[in-house]
Amino acid sequence: MVIDTAKLCRRGGRDINQDCAGAFEANGRLLLVVCDGLGAYDGSGIASRICADALASFVNCGERMTADGINALFKAAHEKITAAKLDGAISPSSCTTAAAVLSDGNDVAVAHIGDSRVYVYERGEPSFRTTDHSVAQLDVDRGIIVPGELRFHKDQNKLTRVLGGRYFVLPDVRFLGRPIAEGDAFLLCTDGWWEHTEEFETEEDLLTAGSSAEVLARGESRIIARASGAYDNYSAVLAVARK
C-alpha cells in the first residue's frame with residue numbers, strides 16, 4: 001500500500017500568506033497538518049509555521065499514540081508560540097488554528113483546534129468531518145442557521161478555540177480505532193479552501209482523479225474561479241491510501 005500525498009499552500013488574494021501545510025513521514029509514522037494564522041494579526045503566519053513544526057515532532061516519537069500524547073503535542077505547540085511572543089519574535093496577539101491527522105501504524109487519530117477542517121473518506125464515501133470551533137458553528141448547533149450557511153456567515157471567522165491564545169485549550173481528538181487501509185482518504189484544509197469548494201465535488205474528484213495532486217488542482221481551479229477581490233489564503237493536504 002502506498003500513501004499518495006499532495007499539498008498546496010497559497011496566498012490567494014491577500015498580501016501575506018498566514019497558512020502553513022505539511023506532510024511528514026518517518027519511523028512508520030505519518031503526520032498531516034494545516035494551520036491558519038488568524039486574521040491580520042502581525043506574526044500569525046509565523047505562529048502557524050511554529051505550530052506545524054512542533055506537531056511534526058510526532059513522527060520522531062517512539063511511543064504508542066494516545067489521546068494524552070496528542071494533547072501534550074498540541075500543548076507543546078501552544079507553548080512554543082507563547083515563547084515566541086515573550087521573546088518579541090511575534091506580536092502578543094498572534095495565534096493559529098491547527099488540524100492534523102496522525103498515524104503510528106496501529107491507529108489513526110484526527111485532532112483539531114479552530115475552523116481548519118479534516119475530512120475522512122473510506123473508499124470514496126465520506127465517514128467523518130471535524131466540527132468547527134466558531135461562533136457560526138454554535139449557531140448551527142443551536143438550530144439558528146443550517147450547516148450550508150456556515151461558508152460565508154458573518155461569524156464564521158470568530159473562533160472559540162485557537163492555539164497561542166491566553167490559555168491553552170485541548171484539541172478535539174477522534175481515533176478511527178484501526179490502521180490506515182486501502183481506499184482511505186484524508187483531506188485537511190483551511191477555511192479559505194472549504195469556503196469555495198463543495199463536499200460533493202471532492203467526493204467526485206476522489207473517484208475520478210488519477211492522483212491526490214490532481215484532486216487538489218481541481219479544487220484550486222474552483223477557488224480561483226469562484227473567489228474574488230482580497231480573498232483568503234487557502235491551503236490543503238490530501239493523502240489517499242492506494243495499492
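**Opening question**

Which side chain meets Arg-10 in a salt bridge? The partner is Glu-220, with N and O 2.8 Å apart. Before going further, a word on the ground rules. This is a predicted model, in which local features need pLDDT of at least 70 and side-chain atom pairs count only at pLDDT 80 or more, while totals for chains, interfaces and linings use all residues. Residues are numbered from 1 along each chain as its sequence is written, and side-chain values use heavy atoms, with hydrogens and water left out.

**Overall fold**

The protein chain has six helices and ten strands; these are DSSP runs numbered from the N terminus, with helices being H or I of at least four residues and strands being E of at least two. Its radius of gyration is 17 Å, close to the 18 Å that the globule rule gives for 243 residues, so the chain is as compact as a globular protein of that length. Here the radius is taken over C-alpha atoms, and the rule is 2.2 Å times the number of residues to the power 0.38. Along the principal axes, the C-alpha atoms fill a box of roughly 50 × 45 × 35 Å.

Buried residues make up 53% of the 243 residues. The term buried stands for under 20% relative accessible area, exposed for over 50% and partly exposed for what lies in between, using a 1.4 Å probe and protein chains only. Of the contacts (heavy atoms within 4.5 Å) between residues at least 6 apart in sequence, 71% join residues at least 24 apart.

**Nonpolar cores**

A nonpolar core is a set of buried Ala, Val, Leu, Ile, Met, Phe, Trp, Tyr and Cys residues joined through side-chain atoms within 4.5 Å. The largest one here has 28 residues, and Leu-31, Cys-51, Leu-55, Phe-74, Leu-102 and Leu-163 have the most contacts inside it. At least two residues of this core come from each of strand 3 (29-36), helix 1 (44-56), helix 2 (67-86), strand 4 (98-103) and strand 5 (108-113). Helix 1 gives the most, with seven residues.

**Salt bridges**

A salt bridge needs a side-chain nitrogen of Lys or Arg within 4 Å of a carboxyl oxygen of Asp or Glu, and the count comes to 17. Back to the opening pair, Arg-10 and Glu-220: Arg-10 sits in strand 1 (residues 2-10) and Glu-220 in helix 6, 210 residues apart. Arg-10 is partly exposed at 34% relative accessible area, whereas Glu-220 is buried at 13%.

Arg-14 forms a salt bridge with Asp-232, the closest N and O atoms being 3.3 Å apart. This pair also links distant parts of the chain, 218 residues apart, with Arg-14 in the loop between strand 1 and strand 2 (19-26) and Asp-232 in the loop between helix 6 and strand 10. Arg-14 is partly exposed at 33%, and Asp-232 is buried at 16%. Elsewhere, a network of salt bridges links Arg-117, Arg-129, Asp-132, Arg-151, Glu-198 and Glu-199.

**Aromatic rings**

The whole structure holds two aromatic pairs. Rings of Phe, Tyr and Trp (its six-membered ring) pair if their centres lie within 6.5 Å, and planes under 30 degrees apart count as stacked, over 60 as edge-to-face and the rest as tilted. The pair of Trp-193 and Tyr-234 is tilted because its centres are 6.5 Å apart and its planes at 45°. Trp-193 belongs to helix 4 (residues 191-194) and Tyr-234 to strand 10 (residues 234-242), 41 residues apart. Both Trp-193 and Tyr-234 are buried.

Tyr-231 and Tyr-234 form a stacked pair, 6.4 Å centre to centre with 20° between the planes. Tyr-231 is buried as well, and ring pairs link Trp-193, Tyr-231 and Tyr-234 into a cluster.

**Charges over rings**

A charge sits over a ring if NZ of Lys or CZ of Arg is within 6 Å of the ring centre and within 35 degrees of the ring normal. Arg-29 lies over the face of Phe-58, at 4.1 Å from the ring centre. Arg-117, a member of the salt-bridge network, lies over the face of Trp-194 at 3.5 Å from the ring centre.
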